[in-house]
Amino acid sequence: VLFRSEQELYNLIIKLPRYAGMIRNSSDQYDRIDWYLPQLNEHYEGKCRSENYYSHMIEYQKYDYLIQQNNPFYICSQPNNIYVYNLNEYPYQYIDWRYEWLPASTEFSRTRKVKKYVGYLNSGFDCCIDILPQLS
């Protein structure tokens with residue numbers, strides 16, 4: 001399943017009983033948190049990838065903000081999986097942090113690259129689950 005936007009991903013996962021009460025944080029695409037599950041006080045950031053990866057990149061600024069929230073989660077969709085990472089349970093020492101030259105923005109018109117500090121989360125840990133099978 002290939003999602004072209006976080007909105008498409010959101011529209012699908014809210015069909016699962018676990019995420020039924022999830023609300024979109026706002027229509028502002030620059031919000032630091034994409035979704036919120038009020039009854040469990042959970043905060044979510046979502047990313048859609050067009051290819052399959054074993055590990056998933058998260059910008060440090062995004063991670064740092066999320067980890068300060070109650071119950072932070074990172075959802076990363078790709079064609080064959082939708083991974084949900086529980087960031088409170090993910091072992092920090094196993095995040096592969098590094099600097100990389102990346103586009104300043106995801107807007108295609110802004111192709112200037114900047115140096116960003118990013119981490120790679122490995123989907124092989126128990127604190128990461130694939131929810132795609134639950135949607136079949």
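Predicted model: local features only at pLDDT ≥ 70, side-chain atom pairs only at ≥ 80, totals over all residues.

Visitor: What makes β1 and β9 edge strands of their sheet?
Guide: Two strands pair if DSSP finds at least two bridges between them; strands are DSSP runs of E of at least two residues and helices runs of H or I of at least four, numbered from the N terminus. The open sheet of 6 strands has the order β1-β2-β3-β5-β6-β9, with mixed pairing. Each of β1 (23–24) and β9 (128–130) has a single partner strand, so one side of each lacks a neighbour in the sheet.

Visitor: How do you know that β1 pairs with β2?
Guide: The two strands run antiparallel and are joined by 2 bridges, and the rule asks for at least two. In β2, Tyr 36 is the bridge partner of Ile 23.

Visitor: What makes α1 a helix that packs on this sheet?
Guide: Contact means heavy atoms within 4.5 Å, and α1 touches β1, β2, β3, β5 and β6. Its direction makes about 125 degrees with that of β3; axes are lines fitted to C-alpha atoms, for helices over the stretch in contact, and angles run from 0 to 180 degrees between N-to-C directions.

Visitor: Which strands form the open sheet of 3 strands, and in what order?
Guide: The order is β4-β8-β7, with antiparallel pairing. The edge strands β4 (55–59) and β7 (96–103) each pair on one side only. β7 is joined to β8 (residues 113–122) by 8 bridges; Lys 115 in β8 is the bridge partner of Trp 101.

Visitor: Why is Tyr 44 called buried?
Guide: Buried means under 20% relative accessible area, exposed over 50%, and partly exposed in between, with a 1.4 Å probe and protein chains only. Tyr 44 has 0% relative accessibility and therefore counts as buried. Tyr 19, at 4%, is buried too, whereas Phe 125, at 25%, is partly exposed.

Visitor: Why is the pair of Tyr 94 and Phe 125 called tilted?
Guide: Rings of Phe, Tyr and Trp (its six-membered ring) pair if their centres lie within 6.5 Å; planes under 30 degrees apart count as stacked, over 60 as edge-to-face and the rest as tilted. The ring centres of Tyr 94 and Phe 125 are 5.4 Å apart and their planes stand at 35 degrees, so the pair is tilted. Tyr 94 lies in the loop between β6 and β7 and Phe 125 in the loop between β8 and β9, so the pair ties together parts that are 31 residues apart in sequence.

Terms used
Residues numbered from 1 in each chain as written. Heavy atoms only, no water.
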